[in-house]
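Thanks for making time this morning.

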Amino acid sequence: MPLPIFALAIASFCIGTTEFVIMGLLPEIAADLGVSIPAAGMLVTGYALGVVVGAPVIALATARLPRKSVLVFLASLFVIGNFFCAVAPGYWTLMAARVVTAFGHGAFFGIGSVVAASLVPKNKQARAMSLLFAGLTLANILGVPAGTALGEAFGWRSTFWAVVGLGLISVIAIAWLVPSGVAPVTKDGLAGEVRVLRKGQVWLAMSISALASASLFAVFTYIKPILTDVSGLSVSAVTWVLLLFGAGLTIGNVIGGRLADWKLMPTAIGALVAMVLVHLFFAELASLATAAVVLVFLWGVVAFVIVPPLQMRVVQTARDGPNLAATLNQGAFNVGNAVGAWIGGAAISLGVSYQNLPFVGAALALTALSVAVFSYALDRQAAAASFAAPAE
């Protein structure tokens with residue numbers, strides 16, 4: 001993989017760390033700012049909303065600008081946002097800083113995936129995207145635990161200062177290593193980017209992303225009580241299980257990139273089948289501690305096998321103007337995060353037990369599978385029509 005992709009992966013690692021590390025620092029932040037832990041938890045929601053709103057705004061506003069310049073700007077915006085997080089004097093200042101930081105999140109991964117794909121041959125494009133997302137998965141294994149430990153030892157602000165330092169390194173790496181003129185902007189600029197949104201396949205791909213993410217977060221949001229109350233694990237053991245889940249995400253990301261370069265839609269469909277099965281097995285075997293741990297790892301693998309093919313699918317179906325669509329797909333993942341967590345919470349409120357909650361995840365994954373099969377069938381139908389046309 002070319003060095004510019006590694007520069008993007010460094011920024012991806014920083015973004016992943018700052019997105020997720022706050023969950024481990026909620027008690028410290030709440031105590032320091034004089035708010036309740038649920039109020040501090042809204043900082044997570046604020047970030048997610050910032051991603052959803054900021055993704056299309058940034059993509060549209062920068063449609064005519066060189067891709068390298070946009071990536072440097074987005075990485076710099078991330079550094080500035082984290083700087084204000086580190087110095088925030090109060091809760092609402094911190095909330096505003098988190099939202100500003102999140103504004104560049106979706107656009108960075110959307111435009112970054114297009115740039116990464118443009119730097120390699122067609123048969124390696126999904127792998128290039130998976131390397132970009134590897135920074136995000138490694139953040140769960142390395143960045144979040146290290147950031148949490150740093151915040152607990154030296155105060156939560158120290159974590160954000162560390163992320164600012166890493167962010168500056170990523171800005172320098174992108175400015176130095178990413179070539180100018182990479183992934184030329186769409187000929188028609190903004191109009192061309194918007195025009196591709198008329199394609200049904202683009203929306204089907206983004207729907208699969210949202211549903212797959214909802215399937216994961218409908219259950220994963222409540223993974224701690226599942227592992228403690230149903231599987232009988234201790235709170236300290238849950239931390240190690242979550243690290244194992246992060247390792248599964250990283251492995252799945254690599255596998256997904258390689259398989260998607262070979263067979264894109266069959267990889268996505270196969271991953272969704274595996275996701276349905278893992279949820280079903282988890283519901284049946286969650287009460288067995290060893291089986292639960294193994295299934296959490298496998299769950300992590302299949303949860304990220306799907307990411308590179310779905311991002312590649314959006315880029316391919318929107319090939320005439322991929323930047324906006326690829327960015328919106330990142331928003332779709334975050335919409336799925338929020339909706340999935342809400343669906344899982346609603347199911348629990350309606351009386352669904354923690355042990356049966358994976359059945360809700362399985363239903364959402366099955367819905368995503370149905371959309372994927374329908375989209376693939378449309379592809380095959382269009383290919384058959386194209387093949388038959390010259391003979392008529």
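**Charged pairs and a nonpolar patch**

Let me start with arginine 127, which counts as partly exposed because its relative accessibility is 23%. Please keep in mind that what you see is a predicted model. The side chain of arginine 127 meets that of aspartate 261 in a salt bridge, at 3.0 Å from N to O. Aspartate 261 lies in helix H12 and arginine 127 in helix H7, so the pair ties together parts that are 134 residues apart in sequence. Aspartate 261, for its part, counts as buried, at 18% relative accessibility, the cut-off for buried being under 20%.

How many salt bridges are there by this rule? The count comes to three, and another of them joins the side chains of aspartate 379 and arginine 313, at 2.6 Å from N to O. This pair ties together parts 66 residues apart in sequence, since aspartate 379 lies in helix H17 and arginine 313 in helix H15. Here arginine 313 is buried, with a relative accessible area of 6%, whereas aspartate 379 is partly exposed, at 26%.

There is also a salt bridge between arginine 157 and aspartate 32, at 3.5 Å from N to O, and this one links helix H8 with helix H2, across 125 residues.

Turning to the surface, we find a nonpolar patch with about 560 Å² of accessible area together, whose members include Val273, Phe281 and Phe359. Helix H13 gives the largest share of that patch, five residues, and phenylalanine 281, found in helix H13, is partly exposed, with a relative accessible area of 47%.

Key
Residues numbered from 1 in each chain as written. Predicted model: local features only at pLDDT ≥ 70, side-chain atom pairs only at ≥ 80, totals over all residues. Heavy atoms only, no water. Patch = residues over 30% accessible without salt bridge, like charges linked within 9 Å, V, L, I, M, F, W, Y side chains within 5 Å. Areas by Shrake-Rupley, 256 points an atom, 1.4 Å probe, with all protein chains shown as cover. Salt bridge = Lys/Arg side-chain N within 4 Å of Asp/Glu carboxyl O. Helix = DSSP H or I, 4+ residues; strand = E, 2+ residues; numbered from the N terminus. Buried < 20%, exposed > 50% of the residue type's maximum accessible area, 1.4 Å probe, protein only.
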